[in-house]
Amino acid sequence: MNFAGEFPAYRPRRLRASAALRRLVSETQLTAAQLVLPLFVRPGRKIRRPIQAMPGVFQLSPDELLREATRAHELGVPAILLFGIPDAKDAKATGAYASKGIVQESVRLLKKELPDLLIITDVCLCEYMEHGHCGIVQQSKTGAKILNDPTLKLLARTAASHVAAGADIVAPSDMMDGRVRAIRAQLDADSFEETPIISYAAKFASAFYGPFREAAESTPQFGDRRSYQMDAGNAREALREVALDIQEGADIVMVKPALAYLDILHRVKTEFGYPTAAYAVSAEHAMIKAAAANGWIDERAVTLESLLAMRRAGADIIITYAAMDAARWLKG
Ligand SMILES: [Zn+2]
């Protein structure tokens, strides 16, 4: 504990007397430069399909994606996180690593038109698998199993195809063991040794992902993701997951979800001091939107306070569906 004075010599209210004074002693800053906007792209033209439970979020065709990304860029949001929704799914997630896949083509388009906007790509297989799981599935009499090691090859291939298309950063979200090492090795072998990896290092099996699955069309057709995503009660295991990803070559580590896991975020930042990202997930967004639509909360104030809390807990980077609104509000 830092030294603290005693009343009446110490009166904390002295430094809260005016807005200028409060700003002068503010410990935590939130700016648009720290925000990342997730976007969903699907094949087609002039498509802007709203996501029911995520007001303001759409599945976009590449032309609309470019418009949305341009808007974000103009508002000062430095990066987007791109998710792809392919036309066809199969058991090998072929669309995930196809050189003319929806993400690869969209990355080429975005980098050509908006070279300064950072493009982060989500690296996973669930949107491309007919069963909606993040890895290769083996069916047997006792049930379905998600195979770890054979999945790594496909993830590495997917990441390399994104970078070959021009992605600035890749973000593996699958939670297979050893995926960061596999991806790092593949990128290095393909002479992409300068490309950073953001790992979804501590990703919890969370009910807060509900609305996202509609957006990404990635709901598992059977079972759940508890054999690969983390149990909500495990904080020490989260630290081991982060340590593992850093050893394997992660440049930025992520905690997901954000608001219900601020303690994890804080421990990760304190323990490792690595660049740390928080993902404010779909239900966090949906809850604020729904309450605001009912007139129960002030959307702007609650959104900005939530993002500030993530920063205070240790997030250097915040991935949020409210990135454009927040950027606009922070401007004035
Ligand atoms: Zn996945």
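Predicted model: local features only at pLDDT ≥ 70, side-chain atom pairs only at ≥ 80, totals over all residues.
Which protein donors does the zinc ion have?

**View 1. Three cysteines hold the zinc ion's donor atoms.** Look for the SG atoms of Cys124, Cys126 and Cys134: these are the protein donors, and they lie 2.2 to 2.3 Å from the zinc ion. Cys124 and Cys134 are 10 residues apart, both in the loop between strand S5 (118–123) and strand S6 (136–140).

**View 2. Cys124 and Cys134, seen for their cover.**

**View 3. Arginines gather in a positive patch on the surface.** Here you'll find Arg11, Arg13, Arg14 and Arg16, which together make up a patch of positive charge. Pick out Arg14 and you're in the segment before helix H1 (19–24). Arg14 counts as partly exposed because its relative accessibility is 45%.

**View 4. A nonpolar patch sits on the surface as well.** Its members are Leu15, Leu24 and Val25, and together they have about 300 Å² of accessible area. Leu24 belongs to helix H1. Why does Leu24 count as exposed? Its relative accessibility is 71%, and the cut-off for exposed is over 50%.

Key. Residues numbered from 1 in each chain as written. Heavy atoms only, no water. Patch = residues over 30% accessible without salt bridge, like charges linked within 9 Å, V, L, I, M, F, W, Y side chains within 5 Å. Areas by Shrake-Rupley, 256 points an atom, 1.4 Å probe, with all protein chains shown as cover. Salt bridge = Lys/Arg side-chain N within 4 Å of Asp/Glu carboxyl O. Lys, Arg positive; Asp, Glu negative; His and termini not counted. Charge placed at Lys NZ, Arg CZ, Asp CG, Glu CD. Helix = DSSP H or I, 4+ residues; strand = E, 2+ residues; numbered from the N terminus. Buried < 20%, exposed > 50% of the residue type's maximum accessible area, 1.4 Å probe, protein only. Donors = N, O, S within 2.8 Å, 3.2 Å for Na, K, Ca; no water.
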